[in-house]
Amino acid sequence: MAKQTPFFTSISRLYPHVRPILPRLFLGLLSALLASLVALAIPQVLRVLINESLRPGANVRAVWTASLVVLGLGVTEAGLVALRRQFVINPATTVETRMRVSLYGHLQDLTVSFHDRWGSGQLLSRAMTDLNFLRRWMAFGAIMLVVTTITVLIGVTVMFAMSWQLALIFLAAAVPIMIYGFRFRTRFSKVARRSQDQAGDLATTVEESVHGIRVLKAFGRSREALENFNEQAKELRQTEIAKARHLAAFSLVVTLLPELALGGGLVVGVLLAASGDLDVGSLVAFFATAAVIAAPVEFSGMLLAMALTAKAAVDRHFEVMDAVNTVAGPAEPQRPGRLTGALSFRNAAFAFEDAPDRPVLKDISLDIRAGETMALVGITGSGKSTLLQLIPRLYDVTDGSITIDGVDLRQFALEELREIVAVAFEDTTLFSSSVRDNVLLGAPERSEEALAEALDVAQAQFAYSLPAGLDTLIGEEGLSLSGGQRQRIALARAIAARPKILVLDDPLSALDVHTEERVEARLREVLADTTTLIVAHRPSTVALADRVALLEDGRITAVGTHTRLLAEHSHYRHVIASLDQEPRDLDSELSALEERTEGISQ
Ligand SMILES: Nc1ncnc2c1ncn2[C@@H]1O[C@H](COP(=O)(O)OP(=O)(O)OP(=O)(O)O)[C@@H](O)[C@H]1O
């Protein structure tokens with residue numbers, strides 16, 4: 001459960017965003033306040049009207065004048081309400097947009113560890129629902145809360161001025177309202193927060209099931225997914241009902257008590273008028289004033305509920321904005337004197353944030369020479385993908401260091417590091433845009449040549465035959481590509497970035513043998529002067545490498561050529577044998593390799 005902060009501490013955090021629009025908000029507030037004061041003035045005109053027109057020999061012109069004044073005040077009040085809207089709606093949408101953009105920017109900066117922990121729906125609901133609510137609160141709820149408070153205070157003062165005895169009856173009704181209001185605030189805050197969090201969880205479930213719709217259908221789990229969703233939706237409904245109940249109970253109190261005061265006040269008022277202690281005009285004006293402030297008082301429950309929901313929205317927004325980006329570039333970045341792409345791990349270790357005592361990578365020391373291609377081999381779960389993700393600093397080492405040409409990754413400007421290192425993961429993500437944009441995502445220059453070469457190396461020529469060629473929309477909202485096609489586009493994206501260091505996480509796993517052979521042939525040429533670390537799940541991928549590093553339970557246990565490791569390392573032989581789909585005779589393969597190597601060296 002998030003820790004509760006006082007209301008004003010939370011709301012004051014909006015100040016930097018609201019500051020630029022404060023003058024317009026203030027004008028909006030002023031319009032709303034004037035509208036309320038005009039409404040409060042009407043009973044005073046009524047008082048004069050009654051006292052003047054009902055007395056014997058009254059002047060008929062005075063009746064007309066007073067009626068016209070009442071009409072004029074009514075029109076002015078309507079005009080001022082419209083003016084409030086005019087003043088605040090535009091600036092409030094500006095604040096909403098700015099906060100949304102800064103949230104999105106911050107989410108882009110935050111670490112992968114942060115995104116591992118946060119459900120996408122929670123972030124979605126913060127970016128959309130919470131900020132949408134905050135806009136409506138700034139433009140209406142906050143202003144009306146201030147105006148209502150001022151109106152009630154002025155109204156009560158006017159009522160005291162007209163008859164302190166009657167006003168005291170109304171004041172007595174206000175005491176239980178305030179006590180109840182305090183309890184309402186505490187209870188409502190909790191359910192408001194709970195409902196917003198549950199709405200976020202519900203959004204995560206929708207997102208996940210839409211994303212995984214094929215799996216759910218294929219495994220016939222749609223019914224379970226629906227039941228799970230139904231449960232979550234019911235929980236949210238219960239919370240919403242609890243919210244509505246709290247609000248209804250408070251609204252009942254704020255409506256009923258003034259009505260009771262009105263009844264009691266009427267009896268006392270008539271007695272005062274009968275005894276001559278109060279003139280009839282003041283009696284009517286008193287109750288007309290009470291009627292004017294009755295509406296804001298009744299409305300106060302809703303306004304308070306809006307304010308508490310807005311506070312929860314602010315807290316939720318800043319929970320994300322306060323998350324610190326631990327993977328940031330240094331204030332004074334360094335770069336190597338000469339960038340060759342030599343990559344070194346020095347006693348590097350890594351543990352995920354949720355399991356700090358169980359390091360996934362331990363004491364990794366590995367040197368990959370500039371231009372060298374090294375394959376990373378290990379059984380499933382040994383930490384290969386995790387190790388690759390350390391290189392573009394998707395995660396930071398928890399111990400030791402990784403350097404490029406002697407400079408620690410953490411000393412590079414982050415943008416520069418990510419220009420030096422390009423990645424292609426097995427699980428490819430394509431964006432909702434054209435093939436061209438997807439491939440050139442990280443390219444230093446958006447040239448047709450770079451695009452064509454990258455597609456050629458990745459053997460992704462199929463892209464030219466798509467309905468709109470390279471301008472075909474792919475990704476979530478575009479054309480669906482096959483797994484192998486997606487992988488080749490992702491590989492082309494990594495190649496088009498022309499990195500010094502290429503990090504490939506089993507990028508050919510979905511390709512058929514022939515396409516894989518062609519990609520490998522072209523990759524060999526490209527990789528000639530690019531330092532490459534490639535996770536290999538197939539012996540054919542291992543064959544691309546100059547040397548192989550064997551990862552066993554998070555440790556590098558052997559480094560060498562494929563031939564040497566086959567000859568000397570039993571676990572390596574075991575891993576290679578397990579990678580192969582076809583049964584292989586490793587001994588005869590080794591003899592053949594040795595013969596070939598001897599032939600070359602002679
Ligand atoms: N985000 C994460 N949070 C916590 N633990 C994780 C996370 N990602 C991976 N792990 C754990 O780290 C270990 C290594 O995972 P990793 O994906 O690096 O293995 P791998 O060698 O690439 O496996 P595979 O060959 O199956 O892809 C696994 O035990 C996995 O459960």
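Which residue in β2 stands opposite alanine 348? The residue is isoleucine 364, and the sections below place this pair in its setting.

## About the model

This is a predicted model, in which local features need pLDDT of at least 70, side-chain atom pairs count only at pLDDT 80 or more, and totals for chains, interfaces and linings use all residues. Residues are numbered from 1 along each chain as its sequence is written.

## Overall shape

The protein chain carries 20 helices and 12 strands (DSSP runs numbered from the N terminus, with H or I over at least four residues for helices and E over at least two for strands). Its radius of gyration, taken over C-alpha atoms, is 36 Å, whereas a compact globule of 602 residues would have a value near 25 Å (the rule is 2.2 Å times the number of residues to the power 0.38). Along the principal axes, the C-alpha atoms fill a box of roughly 135 × 50 × 45 Å.

Of the 602 residues, 33% are buried. Here, buried means that 20 or more other C-beta atoms lie within 10 Å of a residue's own, exposed means 12 or fewer, and partly exposed is in between, with C-beta atoms placed from the backbone. Among contacts with a separation of 6 or more, 80% join residues 24 or more positions apart (a contact has C-beta atoms, placed from the backbone, within 7 Å).

## Two domains

The domain assignment, which is automatic or from a database, gives domain 1 (94-321) and domain 2 (343-427 + 500-601). Their C-alpha centres lie 56 Å apart.

## The four-stranded sheet

Back to our opening pair: Ala348 faces Ile364 in β2. Strand β1 (residues 343-350) pairs with β2 in the antiparallel sense over five bridges; for two strands to pair, DSSP must find at least two bridges between them. Both strands belong to an open sheet with the order β2-β1-β4-β5 and antiparallel pairing. At its edges are β2 (361-368) and β5 (407-408), each pairing on one side only.

## Helix α14

In α14 (residues 448-457), Leu451, Ala454, Leu455 and Val457 are buried. Seen down the helix axis, these buried residues fall within an arc of 165°, so they line one face of α14 (the arc is that of the directions from the axis to the C-beta atoms). Glu448 and Glu449, on the other side, are exposed.

The packing partners of the buried residues of α14 are α13 (435-439), α15 (483-496) and α16 (513-527). Just after α14, Gln459 takes a positive phi of about 50°.

Key
Contact = placed C-beta atoms within 7 Å.
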